[in-house]
Amino acid sequence: MELTCESSNLDDYLEETEEVDYSHFSIKDITAELYSQSLNEIEFVKSAFEFVRDNISHSWDIQSSRITCRASEVLFFKEGICYAKSNLLCALLRCQGIPTGFCYQRLTLGDTPDTGYVIHALNAVYLRSIGKWIRLDARGNKLGVDAQFSLEEEKLAFPIRDVYDEMDYPVIYTTPNIKTTTVLLQNSDCTTMYLYGLPSDL
């Protein structure tokens, strides 16, 4: 799939927002730590991705009722759903001056269309060293989910199944989708929100 940028200005993919609060001391601290352990841009992006994927629990996987949204909040509680985890990965990378955006997929909530559809969030990152955008999904791996860092063939959490009318949205957005942010801010129980409150389209 050919990705399309919402903005042609890379600086728009570096902006700080309420959800991507990369000036927060905790974001700056972990970014500095990860960067100090990396030899180059690609290594840092990989380590930041793997940090969010592996060290921040997906709220549904641990059956948590807590809802997180802001990047610093996700880092503090070390949990969040894909919308929240994508905010954190974006913050870590933008903090280091790496253009990062938001991408979305429309997936079945369960394994089949009768379970309904939900919007899933992931990130796109622009690597200046190779002049290329790549998509990364830091949702968190588990049985049947194996997202990996890859410069060539995408290794996302959820391959699109056309037969089930799932779809990739091709746009790399500069900010989180308003529907995904609103659902995090307007709900109080993550389990209920995950089952019944997630948006089904952008």
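The lining of the largest cavity receives at least two residues from each of α4, β4 and α5 (178-186). Helices here are DSSP runs of H or I of at least four residues, and strands are runs of E of at least two, numbered from the N terminus.

Good morning. What I present is a predicted model, in which local features need pLDDT of at least 70 and side-chain atom pairs count only at pLDDT 80 or more, while totals for chains, interfaces and linings use all residues. Residues are numbered from 1 along each chain as its sequence is written, and side-chain values use heavy atoms, with hydrogens and water left out.

Let me stay with the cavity. A search of the whole structure finds one cavity of 30 Å³ or more, and the largest cavity has a volume of about 40 Å³. On a 1 Å grid over the protein atoms alone, a cavity is a set of points where a 1.4 Å probe fits but cannot get out; a pocket is an open set with protein on both sides within 12 Å along at least five of seven lines; and lining residues have an atom within 4 Å of a point. Points are joined across faces, edges and corners, and the volume is the space filled by probe spheres set on them.

Which residues line the largest cavity? They are Tyr 83, Ser 86, Asn 87, Phe 102, Tyr 104, Ala 121, Pro 176, Thr 180, Thr 181 and Leu 184. Six are nonpolar, four polar and none charged. In this classification, Ala, Val, Leu, Ile, Met, Phe, Trp, Tyr, Cys and Pro are nonpolar, Asp, Glu, Lys and Arg are charged, and the others, Gly among them, are polar.

I turn to the largest pocket. The space within it is about 520 Å³. Its lining comprises 23 residues, of which Leu 107, Thr 108, Leu 109, Gly 110 and Phe 158 are the closest to its centre. Strands β4 (100-108) and β5 (117-127) each supply at least two lining residues, and β5 gives the largest share, three residues. By class, the pocket lining has 13 nonpolar, five polar and five charged residues.

Now the helix packing. Two packed helices are described by the angle between their axes and the distance between the axes. Axes are lines fitted to C-alpha atoms, for helices over the stretch in contact, and angles run from 0 to 180 degrees between N-to-C directions.

Helix α2 (residues 41-55) packs against α1 at an angle of about 130°, with the axes 9 Å apart. α1 is therefore oblique to α2; angles under 35 degrees count as roughly parallel, over 145 as roughly antiparallel, 65 to 115 as roughly perpendicular, and the rest as oblique. In α1, Ile 30, Thr 31, Leu 34 and Tyr 35 meet Phe 44, Ser 47, Ala 48 and Phe 51 in α2, where contact means heavy atoms within 4.5 Å. Of these contact residues, six are nonpolar, two polar and none charged.

How do α1 (residues 25-36) and α4 (residues 82-95) cross, and at what angle? Their axes come within 9 Å and cross at roughly 65°, which means that α1 is roughly perpendicular to α4. Ile 27, Lys 28, Ile 30, Thr 31 and Leu 34 in α1 meet Leu 88, Ala 91, Leu 92 and Cys 95 in α4. This contact has seven nonpolar residues, one polar and one charged.

Finally, the axes of α2 and α4 lie 10 Å apart, at an angle of about 150°; the two helices are therefore roughly antiparallel to each other.
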